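Open the structure in your viewer and keep the selection panel at hand. The tour goes stop by stop.

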Amino acid sequence: MASIAVCPGSFDPITYGHLDIIKRASKVFDQIHVVLLNNSSKNPLFSVDERISLISEVTREFPNVKVDSFQGLLVDYAKGVGASAIIRGLRAVSDFEYEMQITSMNRVLNEEIETFFMMTNNQFSFLSSSIVKEVAKYGGDISELVPEAVQKALSGKFSLQQ
Ligand code: PNS
């Protein structure tokens, strides 16, 4: 039976930190579903379609990675695609409390689906989508933080806003 895992997130936008986790997870599992959860009360910079298109572009080189969006509970999505695992990246101790909370909740909702944590590569331990947006907004260099397609998309957003 194929091992299927889900890499969930908001991806607003996808960064090299996300990509590092997706790439490493894709070597361990037969199939990875990168899923954009679309029920957040957050006010995203990019639309769902824009985020999906960026994720698809930058993960195109990984043949066992599929990209999707979903509105609802993560465990319901995971069950729907036959995934037995959820992958989350951990950057620092500060991530731990939040991750423990959502992992425990997901286990209550569906104990068949196991959450696995991967330590983010050291070079990305400070990186977040919010930080990237902040730096891009004020014209800082983000070339080490996000792929070129994302850099272009961010430039487009912020030049339109100015
Ligand atoms: O990239 P993020 O914002 O850290 O991802 C958080 C995400 C999308 C994984 C989390 O908010 C989530 O799983 N949302 C779906 C709703 C859900 O299943 N909630 C129950 C567990 S708290």
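The stops below start at the ligand and end at a salt bridge.

This is a predicted model, in which local features need pLDDT of at least 70 and side-chain atom pairs count only at pLDDT 80 or more, while totals for chains, interfaces and linings use all residues. Residues are numbered from 1 along each chain as its sequence is written, and side-chain values use heavy atoms, with hydrogens and water left out.

**Polar contacts.** Next, look for pairs of N or O atoms within 3.5 Å. An N or O atom in the side chain of Ser10 is 2.6 Å from a ligand oxygen. At Leu74, a backbone N or O atom lies 2.8 Å from an oxygen of the ligand. For Arg88, the distance from a side-chain N or O atom to a ligand oxygen is 3.0 Å.

Now colour by DSSP runs (helices H or I, at least four residues; strands E, at least two).

**A salt bridge.** Finally, select Arg24 and Asp20, both in helix H1 (residues 16-28) and four residues apart, about one turn of the helix. Their side chains meet in a salt bridge, at 2.8 Å from N to O. The rule is a side-chain nitrogen of Lys or Arg within 4 Å of a carboxyl oxygen of Asp or Glu, and by it the count comes to six salt bridges.

Technical notes. A polar contact is a pair of N or O atoms within 3.5 Å; within protein, one must be able to donate a hydrogen and the other to accept it, and residues adjacent in sequence count only if both atoms are side-chain atoms.
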